[in-house]
Amino acid sequence: MPPPVSALILALIVGFCLYTYLGYPAVLKLLTLGRHSELRPARQENLPRISIVLPVYNEAAVIAATLERILAADYPADRRQILVVSDASTDGTDDIVAGFASRGVELLRQPARAGKTAAENAARARLSGEIIVNTDASVRVEGSALKALVAAFGDESVGLASGRDVSVTNFVQQGGDGGGEGAYVGYEMWIRDLETALDGIVGASGCLYAIRADLHMLPVPEELSRDFSAALTARANGYRAVSVPKAICYVPRGRSLHQEYRRKVRTITRGLATLVYKRALLNPLRYGLFSWMLFSHKVCRWLLPWAGLAGVAALASLALTFQWARLLLAGLAAVLGLAGLGWLWPEERSVPRIVALPAYVVAGNVALLQAWLRLFTGRSAPVWEPTRRDAIPTN
């Protein structure tokens, strides 16, 4: 293509990428200057009954410790229900959970594997709480997090409250570096704080979030993501979804980049399907600021790999004429080389940041492309396989 056309395409692509990761939060920051909302602390005598739901599949290695932490949480035992939904586990998870029955933990076993959303849907008939708390077997919820989430519902406009993910790794104790995942999680939590101050978040944390029972009972097709759908459902029904910084949930990082890649393909495929299903929320005439936030936070990010491919093509065209383009192309090749090194890095060794960050970013974008291809070809997300994570140190 002619150099002027290639240069224009490249400029547009660079602008789009800068807007997605820098421009959008900058605009959010400007729009939220001077705004501050402090959630009122929950009063012991006014605490509502909550139902805590844990969908699990073959979590025998961690489920006992997870239930012990939930039972020890700072929330009255007579005002909580704990329900574990087993997606036809085969490793003894059900027996371990059954051992907690005398302490008030309930078990609902699915007769056949059907996935996380199906398990969550099956649980609805058993739930008795005014607020439904959804969490994951592989994470560690701070003891005060439940009250922090519940406090958010003191604002009647709030329909969903999402926890604060904190990415942790045992590698840190061994002198290693946490890599790209931790940096991304921190960035994401910052964006959610800005969105909360403006008009509400566009997606909840799948590791920990709470939602009003009447919203949770609304049907969600099994091929969709319930945590993403929940925030959109709240907005469609006139509520806000908010991020609660004090509701801390420690999330172990995945054991390998390969594992993280598979997780992203699954979650993004479901996320794309959920956005298509809830596409009416992208209408700015009806949903105003929220539709812009949803487009900027989700759609723009999910379009980045396609923009990147177009940008590489434009840069390659310019490299035929300009030295600067050849240098940029060489730099891009170096980044891809580091990403490839990260993909091949032995799982038992900590990954240096100079390798981990490009590997995480490139793998995430390739996962996005695969998710888009699944959507285009009508293939559903891969069968739910919970991310196996290392245990979180207790000290």
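The crossing of H8 and H9 is right-handed in this predicted model. The contact is formed by Phe228, Ser229 and Leu232 on the H8 side. Helix H9 contributes Gly271, Thr274 and Leu275. Helix H9 spans residues 257–277, and its axis comes within 9 Å of that of H8. The two axes cross at roughly 25 degrees. Angles under 35 degrees count as roughly parallel, so H8 is roughly parallel to H9.

Helix H8 also packs on helix H11, residues 289–319. Here the angle is about 160 degrees and the axes are 12 Å apart. Angles over 145 degrees count as roughly antiparallel, so H8 is roughly antiparallel to H11. This crossing is left-handed. Phe228, Leu232 and Arg235 of H8 make the contact. Their counterparts on H11 are Phe290, Leu294, Lys298 and Trp302.

Asp199 sits in the loop between helix H6 (180–198) and strand E7 (208–212). Arg235 lies in helix H8, residues 226–236. The pair links distant parts of the chain, 36 residues apart. Both Asp199 and Arg235 are buried.

Twelve salt bridges are found in a search of the whole structure. A network of salt bridges links Glu188, Arg192 and Arg301. Another salt bridge joins Arg103 and Glu68, whose closest N and O atoms are 2.9 Å apart. Arg103 lies in the loop between H3 and E3, and Glu68 in helix H2, so the pair ties together parts that are 35 residues apart in sequence. Arg103 is partly exposed, at a relative accessible area of 43%. Glu68 is partly exposed as well, at 36%.

Glu106 and Arg126 also meet through their side chains in a salt bridge, at 3.6 Å from N to O. Glu106 belongs to strand E3, while Arg126 is in the loop between helix H4 (116–123) and E4; the pair therefore ties together parts that are 20 residues apart in sequence. Glu106 has a relative accessible area of 25% and is partly exposed. Arg126 is partly exposed too, with 35% relative accessibility.

Helix H2 covers residues 63–71. Its buried residues are Ile63, Thr66, Leu67, Ile70 and Leu71. These residues lie on the same side of H2, because they cover an arc of only 130 degrees around the axis. Several elements contribute to covering them. Among these are the strands E1 (50–56), E2 (80–86), E3 (105–109) and E4 (131–135). Helix H3 (93–98) is also included. Glu68 of the same helix H2, by contrast, is partly exposed.

Gln110 is placed in the loop between E3 and H4. Buried residues have under 20% relative accessible area, so Gln110, at 12%, counts as buried. Neighbours within four places in sequence are left aside for its contacts. Gln110 then touches Val85, Ser86, Asp87 and Ala88, among others. Its contacts also include Ala118, Ala119 and Ala122.

How values were computed. Residues numbered from 1 in each chain as written. Predicted model: local features only at pLDDT ≥ 70, side-chain atom pairs only at ≥ 80, totals over all residues. Heavy atoms only, no water. Buried < 20%, exposed > 50% of the residue type's maximum accessible area, 1.4 Å probe, protein only. Helix = DSSP H or I, 4+ residues; strand = E, 2+ residues; numbered from the N terminus. Arc of directions from axis to C-beta. Contact = heavy atoms within 4.5 Å. Salt bridge = Lys/Arg side-chain N within 4 Å of Asp/Glu carboxyl O. Axes fitted to C-alpha atoms, helices over the stretch in contact; angles between N-to-C directions. Parallel < 35°, antiparallel > 145°, perpendicular 65-115°, else oblique. Left-handed = near helix turned anticlockwise from the far one by under 90°.
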